[in-house]
Amino acid sequence: MKYLATLILPAALLVLPAAFAADPAPLQPSSAITVGGVVWETDFARAKEIAVEKKRPILALFTGSDWCPVCQKLSKEVLEKPAFKKFAETEVVPLFLDFPKHKELPLHLRKQNELLEMRYQVEGYPTTILLNPDGSGIGMLEGYDPDYVKILQRGLAAEKAKKK
């Protein structure tokens, strides 16, 4: 018996550290993705919850990330830059609504994105819509503009001025 305990105990010591080293599995899949160093929500309901908690508007980006040249230009020349990262982290709740052609979105995201595209009457990509935490619209920016962040900041400032 003493011999058996001697074998089991060292084996248990080898297994236990490995079990505790791994992160626990999430209770539900995360709905956030990282694009250009910015964490973007992909679930509209979750983005609204975060916007209420943080008292910030939602920046909803409708994009064709894997096929739209203008979307890719916006990503490379604006969304991946430090100025946008600072803006996204401090002033808005980023919401990434993708319409890819070369990769498959989960069905619930595809349906959500299509419904939001109809609701906000998006006619092309990229389209950025600033939304209040309740989902009502503040303003829309279609296409690419090198002054993207400044334009969005002006829109937010105008909305704040209206509320005063």
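Which exposed residues does the face of helix 6 turned away from its buried side carry? In this predicted model, that face carries Lys 150, Arg 154, Ala 161 and Lys 162. The protein averages a pLDDT of 85, and 82% of the residues score at least 70.

**Confidence**
- Over residues 1-28 the pLDDT stays under 50, and for this stretch the model has 2 contacts beyond four places in sequence.
- Where pLDDT is low, the predicted coordinates should not be read in detail.

**Helix 6**
- The 16 residues of helix 6 should span 22 Å at 1.5 Å a residue, and this agrees with the 23 Å that lie between its end C-alpha atoms.
- The buried residues of helix 6 are Tyr 148, Val 149, Leu 152, Leu 156 and Glu 159. Because they cover an arc of only 95 degrees around the axis, they are on the same side of helix 6.
- These buried residues of helix 6 pack against strand 3, helix 3, helix 4, strand 5 (127-131) and strand 6 (137-142).

**The nonpolar cores**
- The largest nonpolar core has 19 residues, of which Trp 40, Leu 59, Leu 61, Leu 79, Phe 84, Phe 87 and Tyr 148 touch the most other members.
- Two or more residues of this core come from each of strand 2 (38-41), strand 3, helix 3 (69-79), helix 4 (82-91) and helix 6 (148-163), and helix 6 gives the largest share, 4 residues.
- Leaving aside residues up to four places away in sequence, Phe 84 touches Val 38, Trp 40, Leu 59, Val 78, Leu 79, Tyr 148 and Val 149.
- Another core, of 16 residues, lies apart from the largest one, and among its members are Ala 51, Leu 95, Leu 116 and Ile 129.

**Ala 60 in strand 3**
- Ala 60 lies in strand 3, which runs over residues 58-63, and with a relative accessible area of 1% Ala 60 is buried.
- When residues up to four places away in sequence are not counted, Ala 60 touches Leu 95, Leu 97, Thr 127, Thr 128, Ile 129 and Leu 131.
- Although Ala 60 and Val 93 are 33 residues apart along the chain, their C-alpha atoms are separated by 8.3 Å.

**Cysteines**
- Cys 68 counts as buried at 5% relative accessibility, and Cys 71 is buried as well, with a relative accessible area of 4%.
- The structure holds 0 disulfides.

Conventions:
Residues are numbered from 1 along each chain as its sequence is written. This is a predicted model: local features need pLDDT of at least 70, side-chain atom pairs count only at pLDDT 80 or more; totals for chains, interfaces and linings use all residues. Side-chain values use heavy atoms; hydrogens and water are left out. A disulfide is a pair of cysteine sulfur atoms within 2.5 Å. Buried means under 20% relative accessible area, exposed over 50%, partly exposed in between (1.4 Å probe, protein chains only). Contact means heavy atoms within 4.5 Å. A nonpolar core is a set of buried Ala, Val, Leu, Ile, Met, Phe, Trp, Tyr and Cys residues joined through side-chain atoms within 4.5 Å. pLDDT is the predictor's confidence in each residue, from 0 to 100. The expected span of a helix is 1.5 Å times one less than its number of residues. The arc is that of the directions from the helix axis to the C-beta atoms.
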